[in-house]
Each structure stands twice: as structure tokens, then as C-alpha cells.
Protein chains: 4
Amino acid sequence: MSKVEENKQQKENSLYAAAYELFTTKGIHNTAINDIVNKAGVAKGTFYLYFKDKYDILDKIILRKSNQTLSEAIQMTNAKKIQNFEEKLLYFIDYIIEYLKDNKLLLKLMYKNLSWGVFKKASKDFKELNEIHHMFSEGLKEYGKDEYDTEMVLFMIIELVGSVCYSSIILEEPDSIDNMKPVLFETIKKMI
Amino acid sequence: MSKVEENKQQKENSLYAAAYELFTTKGIHNTAINDIVNKAGVAKGTFYLYFKDKYDILDKIILRKSNQTLSEAIQMTNAKKIQNFEEKLLYFIDYIIEYLKDNKLLLKLMYKNLSWGVFKKASKDFKELNEIHHMFSEGLKEYGKDEYDTEMVLFMIIELVGSVCYSSIILEEPDSIDNMKPVLFETIKKMI
Amino acid sequence: MSKVEENKQQKENSLYAAAYELFTTKGIHNTAINDIVNKAGVAKGTFYLYFKDKYDILDKIILRKSNQTLSEAIQMTNAKKIQNFEEKLLYFIDYIIEYLKDNKLLLKLMYKNLSWGVFKKASKDFKELNEIHHMFSEGLKEYGKDEYDTEMVLFMIIELVGSVCYSSIILEEPDSIDNMKPVLFETIKKMI
Amino acid sequence: MSKVEENKQQKENSLYAAAYELFTTKGIHNTAINDIVNKAGVAKGTFYLYFKDKYDILDKIILRKSNQTLSEAIQMTNAKKIQNFEEKLLYFIDYIIEYLKDNKLLLKLMYKNLSWGVFKKASKDFKELNEIHHMFSEGLKEYGKDEYDTEMVLFMIIELVGSVCYSSIILEEPDSIDNMKPVLFETIKKMI
DNA sequence: TATGAATGAGAATTCATTCAT
DNA sequence: GATGAATGAATTCTCATTCAT
């Protein structure tokens, strides 16, 4: 990578890092482009060289973070070499839940964006996610479902996990995530 | 009601109607207080006599609309005099889904607000909702669950229905709501 | 006029005066809304209460000034009670030329906007201008021209006077306006 | 011409073409250097190797186009070998009018620049224009005018034609150029 | 010569909130 | 209670120009 290219990458990353930090601590609404560039240590115009506006960088951050988190989760899951599919799926979900527990602000930012939409969009862009999707689809099919039902169930699991995480981790409603987990996992077992 | 009282009520209602219309068509972010008062045909200052700010009126709208919708749904459900609990619950959910199908904009507005939070908050304020809550709780208990599990399952059903509705009605992902319904209902049956 | 109404009028006039002063001295391009409101002694937001943007106030200034100037010219002309039409027309034109000679900046601002377009637009809005138009049309018809030719000749006189004024007063090209006048008047005489 | 020279020439021409296209379609005000270099397919810095700023390239474009148009007009006129001066002058003017009718955007761009100023400036730079000027001056003198009057009349004809073209071709005010032509030509005949 | 990333001053515009009437 | 003109801080966004490569 040339020096120029390196420098560009560095600036873009500074902007990502600054925006993420500010969005999660001050909130999206309370973060001005000004704040982002100041924190990133670049000129205001530079922001517009890389992003259209505040919502452009937000979308890209969510995609990056989702991808990153899911990739990490699948790597950790695969490393465990769990044979039983149900166990494997729950381990994967648990990993993500624990991660979000430690990153409440990320969860807040992504809100219910850790959903089918992002999952599908991200799948196209990142081949690793494609593999996750494929793996769980294959696993579910073994339970005697056809392709369509498999997709639907996978979708509903994702939606349910996302909703429950948000509600219980952020709002502690109707209970803490640790108390919710057994009920959630029980429900997932019933769903597959 | 005195004429003055009537007039006040009328102004407040104008503001509600105008804000709802604008929030659903232009989006919350793109609606200014100015737009609301213009549409409502009242002076800017008047807005502040009734609401603290944009988010105050938004919260109140969501509460009003949710309450209204849920009340209507329970009334229609009760009118059917369905004996079987499962059937009754699904009828209730189906009624709401059909309603949201016809009111996409409302769904978008309430997105992620037709959740436990609103449900509980609303329960306190409106005795009718309290009754709904009570009714389904009682019904679920008959399935051999204790009080805690009952609450959790009810919560998860609400979350799941909300997420699925949003995704399938608004984004048509992963499929249309009509195609999703059988899968969703099957899942709910398993959950209770 | 109520106190509020008076105050509004005053603010609007301040903005007009400030913008005119700045446009003529610094140029349109070099005048910022900021400059205008500072000079006018009103808040920035107030500007947008009365005008859409810089070009909106510019258009309105040109219309006001044109109207004002032409009204004054026709009043002075009528006061002279000149019987001969040609003489009267030339007096009117001379009055305007002299005025523009003393208000080079206005001329620059209006550039070639003292033309048919403005004349017609203004005619509709200000009945006084309508009268000017009517008066000269009637006068010209006496020279044996039909209505159409009358309009065309009037139009061409206005265009010619405007162009010559701009070129000779502002650029002193091809000669000073005082030297141009005899040639211009001679040409006009030939035209009618 | 060396390959380097050729390349430079090509870049400069690209910039001219891009700027002309953008100025005429989007307007001068709404065209940024950025737009020009993007369209031209050269780097931003390259622009500054050839032009001082936006107005520098604008002036040069107008000069090039005017020169080009007038040269073409005079060539076509001379080719006709018209003996009568009046007829020759009107043919020349007519040629330009027809050209501008087909190039409304050019006319808009040159608005008020196809005037004495440009004419004189251009005369110095391009010997062909000098000849045009000389030819018409000589022709006019035959009508018994002295040198000064000749210049003035020529000037006024140019101004009048320019104004009328702009108004009638662009604004169709007070009538279409085709309807204006007889009146305009009649007036010019009277002027010389 | 040519490039194009970076700059940052500065321009435009918005809008919640106040307060005199 | 109701009004709506006025405010001005805050924010977004533009763009000519520079300069290291």
C-alpha cells in the first residue's frame, strides 16, 4: 500500500473510531459532524470526502461492527468443535449475547439492526457471514424442515434474540438478560 | 364542557392529528414544530402550552394509538366469544397484524414501541389494557406455566410479533406478512 | 398600523436598505447574508422570515428601485406639462439617464434589468407604471403606427436606452454618456 | 507538435468543453471547479495550470465563442458577394441571429457580452474581427456620417441587436425573434 | 507536468424557544 | 389562553486553493 493510500485509510479509520465513540457516548442526535472531525483530528471537509452525511457513516459503522461481531462469534463457535447442532447454535447465540452485554452502547446503536436486513445485506458483502448463514441453514434442515421453513425459523430466531437482547440488556425489561436466557434458549429449542 | 374547554380540546386534537400525519409521512426527523403548528392551524406558542417538545407529543401519540388499536382488537376478539385460549390469542394477534397491514405508517412510527415497554406503561394508564394483560396471563397459566414463565412467554410473543410485523410488512423481508403468518402462528403455538 | 405591524415594516426596510447598500458597494457575490443582517441590526433568522435567500431580496430590491425611479421620472415629466410627445418622451428618458448617472451603483445592480421584462412585470403590480406605459403607447400611436408596432418600438427604445446607459455610464464605452446622448436621442427620434 | 504539447492541448480543450457544457446547462453560479475537472477527466490541480479561476475560463470561453461565431458569420457574408452595404449588414446580422436561435444556451452565457466591450477587446486579439469592424465602419461612412458618428451607430446597432436577441430568443418577450426581425431590421435601416 | 487528498474558512440554513402583545 | 415575530446558537455543507507525491 502506498504512503498516500495508507494515509487515506488512517483518516477514514480515525473518522470511524471518532464517530463510533461519540455516537455511543453522546448519542447520534447529539453528535455533530464538527465533534466527529475534531475528535478524529481531521478537517471538516475531509469528512465529506469519505461520507455523505452523519447517517451514512452511521450505517457503515453498524455494518462494520455487526460483521466484526458475528465473525468473531462464529470463529469462537467453530473453535469449540461442537458436534450437536442445537448446542452449537446456542453457543453462538450465547457468545453474541455476552458480547452485547459488555457492549451495551453498541447494542443501543445497532438497536434492532442486528436483524434479517443487516444479516442478509452483510452476507452479500462478507463471505464469512455467508458461511455462517449457510452453516445454520444446513443444520436446521436436518430437523426435517424444508428450505423455506428453515429460512423463516432462522429469521425468527434472529429477530427474537435481537428484541430480547435490546429489551433486557438496555431496559432490563421484563427481567435481566441473565434471567431471560434460560427462557429464551428454551423457546429457541422449541422453535427448531 | 365549557366553550373554552371545548376550544382547548380542539386545538390539542388538531396538534395530535397534524403531528401524526407529518410523523408518518415525512418522518419524525424531518418534521419541525413549525410544520406541526402550520398544519394544525394554531400558533407556534400554542404548541408549548400542550407539549414539552417534539418527542413529548410523539410519545403521547404512540401511546394513544397503541391503546386505541389494542382496545379495538380486544373488543373484536371478545365479541367472537372464542372458548379455546390458543385460538383466541391467535385471533387477537391476527386482528392486530391485519390492522398494521393497513396502517404501515403507524407501524413504522411505533416500530419497536409496540413492545413490552409500551405495553406495561400503557397497562398502568389504561384499565382496558390491564384487562387484556390479565386475560392472556390467566390463559397462559392454564398451560401449566408459573406466573414468571407466563410473563416471559407473553413478552417474547409480543416481541416476536412486533419484529416480524415490522420486517415483513415494511421491508417484505424475508417474505410478505401473509406468507409469514402460518410460520409465525406455528411458532407461537409452540411457545405457549 | 399596529405597533407590531410597524415593527415588522421597520425590520423589513432595514434589511432592504442594508442589502442595497452592500450589494452596490461590495457586490452581490461578496455580500453574505451575515453582512446584511449585521448591517440591518436584526438576527440572522429574521432575514429568512422575509426573504427566501440572497437572490430573492435582490429581485425585490430591483423591482422596488425600478418602480421608484420610473415613478419619480414620470411625475417630474408630467409636472413639466410638455405638449409635444417626442419632447416629452426625451425629457422622460433624459431624467432617467441623469438619475442613473448619479446612481451608478444602482445601474450596475439593475444592469440590463431596466428592460421590457421588468417594465411589464412591474406594470402589473404598480398602477402608476401602467399609466406610464399607457401614456407612451398612446403617444406613439399618433405617429401612425398600429398597436403592435407601437409596442415593439417602445420595447426597442427601452432596450437601447438601457444598453447604452450601462455601457457608457459604467464602462464609458464607446464614449461618456454625455457625449452619447445626442446620438442616442437622434436615434430615438428616427425610431418613432 | 510534440506528444507532450499535444497532450497539454488536449487537456486544455477538455476543460474548455466541460466548462462550456456545464456553464450553459447548469449555470455559472452552480458550476464548481470540481464539476469541470470531473467532466473533463483531469485532476483538480490541472485546472489551475491553465486558468486562474472560474471567471478566467468563463471570459476565455466567451471570447473564443464570440470570435468563432463572428468569424463564421463574416465568412458566410463575404461568400455571398452582396454589393449593397445595407443588405450585406442585414445579412450578417441575420446570420448571427439564426445562429443564436440554434444556440440559446450560448446566447444566455454571452448575455450582454456580445457587446461593444467584447467586440473591441476581441478586435485587438483577432485580426479577422478587426477586418469586420473595419469593413462595416467603411460601409457606414458612405452614408455621409463622420468617423465618430459611424462608431456610435455601429455601437448602438450591436447593443440593440444583442438586447433584442436576448429578450426575444430567451424570454420570447415581447414577441418571438422571428416576429421581431422585421421591426428590428426596419429600425436598423433607419439608424444607418 | 499532473495528480487528487486535504484543508478550513465561510456561507447558508434551520429551528426550538421566548416573550411582548 | 393564544399568538407569531424575533432570536441566534448550532449545524450542515461547499469549494477554491494548496502541496506533497
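How far apart do the C-alpha centres of domain 1 of chain A and domain 2 of chain A lie? In this predicted model, the distance between those two centres is 30 Å. The domain assignment places residues 1-51 of chain A in domain 1 and residues 62-191 in domain 2.

Let's move on to the DNA. Around DNA strand E there are 37 residues, and the closest of them come from four chains: G45(A), I33(B), G45(C), A43(D) and G45(D).

Next, have a look inside chain B, at a pair of helices. Helix 1 of chain B covers residues 3-26 and helix 4 of chain B covers residues 54-80; their axes are 10 Å apart and the packing angle is about 90°. Because of that angle, helix 1 of chain B counts as roughly perpendicular to helix 4 of chain B. Where they meet, helix 1 of chain B brings L15(B), Y16(B), A19(B), Y20(B) and F23(B), while helix 4 of chain B brings I57(B), L58(B) and I61(B). This contact has 8 nonpolar residues, with no polar and no charged ones.

Finally, turn to where chains C and D touch. Each chain gives 22 residues to the contact. On the side of chain D, helix 7 (116-125), helix 9 (147-170) and helix 10 (177-191) each provide at least two residues. Helix 9 of chain D has the largest share of that side, with 10 residues.

Terms used: Residues numbered from 1 in each chain as written. Chains lettered and ligands numbered in written order. Predicted model: local features only at pLDDT ≥ 70, side-chain atom pairs only at ≥ 80, totals over all residues. Near = placed C-beta within 6 Å. Domains from an automatic or database assignment. Contact = placed C-beta atoms within 7 Å. Helix = DSSP H or I, 4+ residues; strand = E, 2+ residues; numbered from the N terminus. Axes fitted to C-alpha atoms, helices over the stretch in contact; angles between N-to-C directions. Parallel < 35°, antiparallel > 145°, perpendicular 65-115°, else oblique. Nonpolar A, V, L, I, M, F, W, Y, C, P; charged D, E, K, R; others polar.
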